[in-house]
Each structure stands twice: as structure tokens, then as C-alpha cells.
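Hi everyone, thanks for coming.

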Amino acid sequence: MTPPLVHLVPGPEGHGVVRHGLGVHPHLGEAELLRCARLDELADGALTGRVVVAQVTDRLLASSPDQGLEQWRRVLRGAARLTLVLHDLPQRSDGRHRRARSELYAGLAASADTVVVASTHERLLLAAALRRARPDAATAVLDRTLVVPLPVEPDAGAAPRPPGTPTGPLTVVTLGFVYPGKGLEEVVDAAALAARDPRLGGRAVEVVNLGGASQGHEDLLEQLAARAGDAGVRWHTTGYVPDDRLPGLLAAATVPVAAHRHVSASGSVATWLAAGRRPVLLDSRYARELAARLPGTVQPVTEDRLAEVLADALVEASSPDGADPTWLSRDVRLGPGWAEAGRRVAGPAREPAVSVVVPYYRDQEMLDLIVERLGAQTGVRGGLELVVADDGSPRPPTLPVAPHGAVGRIRVLRQPDEGFRLAAARNLGLGATTGRVVVLLDGDTVPEEGYVAALQRACLDRPTLAVGRRRHADLRGHGPWPPSAELPAPQWLAEGYAQTQDLRAADDTSFRFVIGAVLGVSRAVLDTVGGFEGRLTGYGGEDWEFAWRCWLAGAALRHVPDAVAWHDGPDVAGRAAGAGTGLAGVKNAETTRLARLLPHPLVRGRGWSFAQPDVVVSLDARGWTDGQVVLAVESVLRQGDVGVWLTGTDVTTVQGVTDPRVHLGQPPASVLSRARAEVRLQRPVWVHRLPWSPWPAQVDPPGPSRGTGADDPASGAQVRVTRAAGLARLQGADPGPCWLGVDAVEPLPPDVVVEHWRAAHP
């Protein structure tokens with residue numbers, strides 16, 4: 001049974017985001033409300049194991065954007081599933097704060113299983129933030145981003161339209177907090193121009209804001225009042241308006257206005273509409289979207305026509321015979337209502353928290369046993385689904401109707417039979433999953449009761465690639481469970497886990513200990529790496545290649561001995577011996593397939609050259625002489641398995657030969673994701689050494705304590721270690737220094753003679 005939701009609503013009473021959250025809460029179904037002023041009030045892992053819906057804007061997380069993501073990770077660590085409702089997305093009007101806010105919002109969105117925004121305009125703003133700060137995960141996050149517009153339904157307590165024509169001053173009214181960029185200056189200026197319209201006969205016009213100043217912007221109140229006085233109108237703000245007074249003030253406004261041109265979704269506009277008013281909006285992408293979605297509800301106008309439109313509205317509102325355009329007509333339909341909005345958020349929030357993917361090929365007996373044992377799983381938080389990926393079986397598998405024990409949903413996907421395509425079949429299944437944690441089981445591997453829960457716990461702790469414990473037995477015939485007659489397990493694997501403390505002390509060589517038959521992976525890791533390498537066909541290699549990219553992307557590696565699953569029959573060594581083919585032939589074929597993609601010397605060896613290098617060097621040679629280009633490139637090619645990407649020059653023309661390790665343009669993202677490091681030469685230098693030896697077993701970030709790096713960019717050689725950058729992105733770790741020390745390079749003069757330099761640098 002799916003546990004009740006926890007609805008996290010941080011912030012003070014009266015804040016727009018809080019009001020939205022409290023309005024939606026009764027319509028989420030069974031849900032516990034968790035309130036706090038700010039996240040730093042909550043304990044570490046306060047939501048561990050819970051299914052969470054969170055209402056979030058950056059100002060309610062922490063005192064600064066830099067601390068927001070840290071607090072978020074601290075509190076939400078271990079949540080079983082997370083639906084994130086984002087408000088106030090970063091945009092151009094944020095100015096110098098946009099970069100920090102974009103990084104925060106991108107990190108928040110990438111941490112969620114479902115993201116909810118209030119407009120298509122906001123989805124585009126989120127896309128911009130993701131592509132700026134998290135391009136690796138942008139596509140995956142946007143694919144699970146839903147648009148649920150702010151609820152707007154007629155307010156049963158709204159005040160009626162006042163009878164007759166208004167007496168006293170005519171009012172142009174804005175709503176909400178006063179803060180920079182809200183467009184109040186434009187409203188004051190336009191209202192002053194409108195007040196001079198001869199059709200008004202000299203009637204007084206006032207500009208009023210319903211609400212007080214946003215914290216820290218109290219000085220704007222005097223500035224706006226002075227601006228209005230200079231223009232010939234009066235401006236004032238009411239300060240905080242209690243709920244019981246608001247309906248009357250909304251109805252009494254002569255012309256309602258919302259003038260923030262950079263609004264992303266507006267609670268104040270929704271409040272006007274709920275009161276039956278039709279506000280004037282400054283033209284924007286959001287204003288046009290709202291006008292198209294709810295015809296007849298708003299009047300978008302360009303700034304140069306604002307005064308004209310205000311004048312027309314004031315005239316018609318003050319005329320006893322005019323039809324007032326600032327009130328909604330009776331045939332206008334609003335929406336969504338609060339109940340609909342709540343249902344649209346709660347539905348995705350209750351999707352299964354764990355997805356199990358099982359590749360299948362014409363083995364119904366083993367699949368039946370796997371499904372039976374998945375139905376018996378215990379301790380899974382947030383629900384479980386099964387996705388069976390059929391790799392072209394002549395007949396599709398037969399599966400029970402869901403729910404089946406612990407399994408709440410079962411789906412079958414099929415791909416054509418084009419040979420052994422385990423990686424492609426896994427990707428087919430992965431693409432259909434919804435879980436925050438995805439668990440893999442091969443079609444000949446059967447889990448014990450606590451298998452899924454153990455991997456889920458490991459993968460919820462932090463972005464993780466976890467591997468269970470695979471045991472071996474003959475499972476045909478459904479004998480006693482668990483099996484009593486165990487076959488030998490590979491000793492090298494047990495030794496690898498022991499030497500690495502169950503992969504807690506993993507390094508660049510530990511990809512070898514990842515077994516895809518018993519695997520769990522956090523959604524955040526899967527988003528970054530994008531799945532298995534579908535081009536790999538034939539037996540073996542796809543697990544190591546996947547683990548390699550997960551490691552470089554910043555995933556924690558964990559061996560989880562409690563996650564036990566039984567493989568039908570012996571391990572690969574036993575199977576190869578039984579088939580008479582020998583282990584060497586099987587493993588050597590696997591190594592050959594992997595060598596072009598996985599550059600670690602344990603797989604590739606030393607001295608070979610492939611399109612995928614271990615170290616990428618990027619060089620912008622604009623303004624460099626030919627001699628500088630040739631020698632700079634030559635110096636890095638001496639450093640081992642290196643590929644060079646050049647812009648601003650054509651070294652092949654300079655050198656007169658074509659070297660397959662040297663390319664023109666920028667290095668592709670697919671190459672960078674598999675390389676252990678990138679070096680960017682920003683000035684012409686001869687590189688004497690990198691922070692590691694050629695063809696190293698381990699690539700670590702440069703560090704002053706080791707004499708291999710510096711915080712000072714004086715060398716002009718910037719180093720980005722892929723694993724360190726991934727740890728910073730996924731785990732919040734410090735990437736450390738990123739420059740070679742000046743003693744590791746030697747400047748190349750513009751008039752360098754290549755032959756003479758080579759003689760001096762053998």
C-alpha cells in the first residue's frame with residue numbers, strides 16, 4: 001500500500017507560495033502537511049523514506065541561493081519519491097542574480113522525480129536554467145516536467161460589482177508586495193497620462209497598491225509616492241490587507257492592473273480573476289499564454305499603449321452607459337479549480353517509487369519465478385513496478401494481472417530480434433520507468449525477499465550505483481526457496497569487494513566489480529548518463545561501460561551484500577568451461593568490444609589509439625603562430641592516451657600530416673563523458689607534465705598539497721577531472737583546484753623554431 005504523502009510547505013503565513021500550497025493541500029488525497037518557516041529548521045534526512053510533494057521558491061529555502069541546494073539535499077536526503085512544485089523561476093530580470101538562481105533551480109529540478117510548473121512560459125524558463133547549469137540532465141528533467149496552471153476559480157466570497165458609477169477618485173490598482181521590477185513605475189507614469197484625458201473631465205485619478213513593501217524594499221514606497229506627485233497623481237499603498245477586507249477592495253478598484261513584464265505565473269492575476277475582475281496586463285509571453293488559455297480573462301497591452309488603455313478603461317468605468325471592460329463577462333470560464341490542480345499534482349506523486357527492469361528472451365519458466373519472488377518483496381518504500389523488456393522473443397511473455405503482491409504495476413515492452421542486444425533491451429525498459437530508484441535483474445536471476453528494499457535504501461542515501469550480491473544455484477524446477485545447493489561464486493569478485501570496503505573505497509578501477517544482473521541506480525545518476533550503450537552487441541561489456549560513465553558522472557559506488565539474488569547456473573567461467581569455449585575467448589572478445597569506448601588501461605592497454613581518448617585537450621589557438629600550435633599539441637600528445645580538439649587553427653595544415661588524435665572543433669559531449677579529464681590550454685605553452693603519469697590507473701584532481709595543481713591560473717592550463725566535476729554536480733562536493741602549476745608548463749614564444757625546441761626538449 002502506498003503511504004500517505006508528506007506535503008512540505010515552507011514559508012511564512014501570507015506568502016503567495018504558502019497560500020498556494022495550503023489551497024492545494026486538501027485536494028491531494030491522504031497527505032500530511034509539514035510546515036516550517038525555512039528548511040534549515042528541519043533535521044537532517046527529515047523525510048527519509050517518505051513520498052514527498054514540496055512547494056518551493058528559492059527565498060523559502062535558505063538565506064542565499066548558495067545555501068539553498070545544500071539545505072535541500074540535507075533535508076530531502078533519503079526521500080522515497082519527490083514531486084517538486086516550483087515557483088518564481090529565474091529569468092532575465094534577475095540580472096546579476098540569475099546565474100546563481102539558475103544553478104539552484106536546475107539542481108532542485110534535477111533532484112525531483114516529477115517537476116510541476118504553473119505555465120508553459122515557466123517550463124521554458126526551467127529549460128533555460130537546466131541548459132545553463134545542468135545540460136547533462138536537461139532533457140530527462142524536462143520530459144518529466146508538468147504544467148499545472150495556478151488554480152483560478154470564482155471566489156464564493158467575492159464582493160459584487162458596485163452599483164452605479166464610481167464616486168470620488170478613480171483608482172488604478174495593483175496587487176501584492178511592492179518590489180523592484182514589478183512595473184509600478186510604468187503604472188504610475190501611464191496613469192498620470194491617462195488622468196489628463198479630456199473625457200474624464202478633470203476627475204481625480206489615484207494609483208493604489210493593495211499590499212505592503214517586500215522586505216528590504218521599503219524605500220520604494222517613498223520613491224513611488226514622489227514619482228506620482230511629480231507626475232500629477234497620488235500613489236499610496238494599503239499595507240497588509242486582511243482576508244476579510246480584500247474582497248471589498250478588489251471590487252472597488254476602478255481598473256485592476258498587473259504590470260510585471262517578467263512575471264512567470266501570477267498569483268495576483270489569479271486573485272483578480274477569482275474576484276470577477278479582468279485586469280490589464282503588460283504584454284509578455286505569460287500574458288499571451290494566459291489570454292489564449294482563458295479567453296476573455298485578461299487584457300495584454302504593450303507598454304506604449306498602457307496609458308491609452310487605462311484612459312479608455314477609466315472612461316468606460318465612470319460612464320453610466322458604458323460596458324465596464326474590467327469585469328469578467330458571465331460566459332467566461334476559469335480553471336483549473338483547486339480540486340483539479342490537486343489531482344494533477346497528486347497523481348504523479350503517487351507513481352511507483354521503485355522500478356524493476358527485467359530483460360527477457362524466451363524463458364517463461366524463469367520469468368514466472370522472478371515475478372513470484374518480486375511479489376514477495378518486503379520493505380519497499382513508495383510502491384514497486386515491473387517493466388519486462390522483451391529482446392525479440394518469438395512469443396511475448398505471459399504475465400499476471402497487476403497488482404501482484406508487492407508489485408503494483410506490470411508492463412511489457414518489446415523490441416525486434418536483431419541478435420543479442422541486452423544493453424538495448426535494458427534501455428527499452430529504463431525509458432518506461434518512473435521510479436526514483438531503478439533496479440535491474442537479468443532474466444535468469446531471482447531475488448530474495450529483501451533484494452529491492454536493500455538496493456532502494458542504498459540508492460536513496462545519495463546518487464548511487466549499487467550492486468547486489470549474486471549467488472549461484474540450479475533454479476529450474478522451482479525447488480526449495482532459497483536454494484539449498486549453492487554453486488561456487490567468483491572469488492575475484494568477493495576479493496574486489498573486500499579490498500574496496502564494499503566499494504566505499506572505490507577508485508578508477510572499480511568499474512570491474514559492477515554486475516548488471518543485480519544492479520540498482522538512483523534516478524539522478526541515470527539522468528546524467530542516459531542509460532546503457534545500446535550499440536554494444538554480443539555477450540558482455542555493457543555493465544562495465546555503464547559503470548565507467550556512472551563513476552565519472554559522480555555516482556557513489558556501493559556493494560550491498562544484503563541485496564541477494566540467485567543466478568540460475570554457474571558464473572561465466574563455469575559456463576564457458578561447460579560449453580568447451582574457454583574463459584579466455586569469452587573475456588578477450590568482451591575486452592575488444594570495450595576498448596573503443598572505455599579508455600582505462602586495464603581495458604585498452606597502453607600505446608593504442610582510439611577515437612575515444614582518456615584525456616581530452618581543448619585548445620583555442622586564435623592568435624597563435626603555427627609553431628606554437630604544433631609544439632603545444634605535441635607536448636600533450638606525449639602525455640599518454642590523449643585526444644586534441646582545436647579551434648581557431650588547422651594543425652593538419654601546419655604540420656602537413658593528418659594525426660587521428662587531432663580534431664577540429666569542440667569535443668563532443670559523448671567523448672567528454674567517457675574521458676577521465678579535460679585540459680584546456682588558454683595560452684601557448686609546452687606542457688611538461690599533467691597531474692598524473694601517462695596511462696594512469698587513477699586520475700585524481702590536481703592539488704597543491706601534492707604539488708600537481710594550483711588555484712592560480714597563471715599557467716594558462718586548466719584541468720577538469722571528470723569524476724571531481726561529477727561529484728560537485730551530483731553530491732555537492734568541492735571540485736578542488738583546477739589549474740596546472742606554472743612549473744608544469746613552459747611558455748612558447750611566437751617566433752619559436754620547432755626544430756630547435758625539439759632538440760632542447762627530447
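Let me start with a term: two strands pair if DSSP finds at least two bridges between them. Helices (H or I, at least four residues) and strands (E, at least two) are DSSP runs, numbered from the N terminus. Now, this is a predicted model, where local features need pLDDT of at least 70, side-chain atom pairs count only at pLDDT 80 or more, and totals for chains, interfaces and linings use all residues. Residues are numbered from 1 along each chain as its sequence is written, and side-chain values use heavy atoms, with hydrogens and water left out.

Okay, sheet with β22. Strands β22 (615-620) and β25 (677-681) run parallel, joined by 5 bridges. Val-617, for instance, has Val-679 in β25 as its bridge partner. Helix α22 (626-637) packs on this sheet and touches β22, β23, β24 and β25. By contact I mean heavy atoms within 4.5 Å. The direction of α22 makes about 155° with that of β23; axes are lines fitted to C-alpha atoms, for helices over the stretch in contact, and angles run from 0 to 180 degrees between N-to-C directions. Helix α25 (722-731) packs there too, touching β25 and β27.

So what's the strand order? This open sheet of 5 strands goes β24-β23-β22-β25-β27, with mixed pairing. β24 and β27 each have a single partner strand, so one side of each lacks a neighbour in the sheet.

On to the other one: 6 strands, an open sheet, β9-β8-β7-β10-β11-β12, with parallel pairing. Its edge strands are β9 (234-237) and β12 (299-301).
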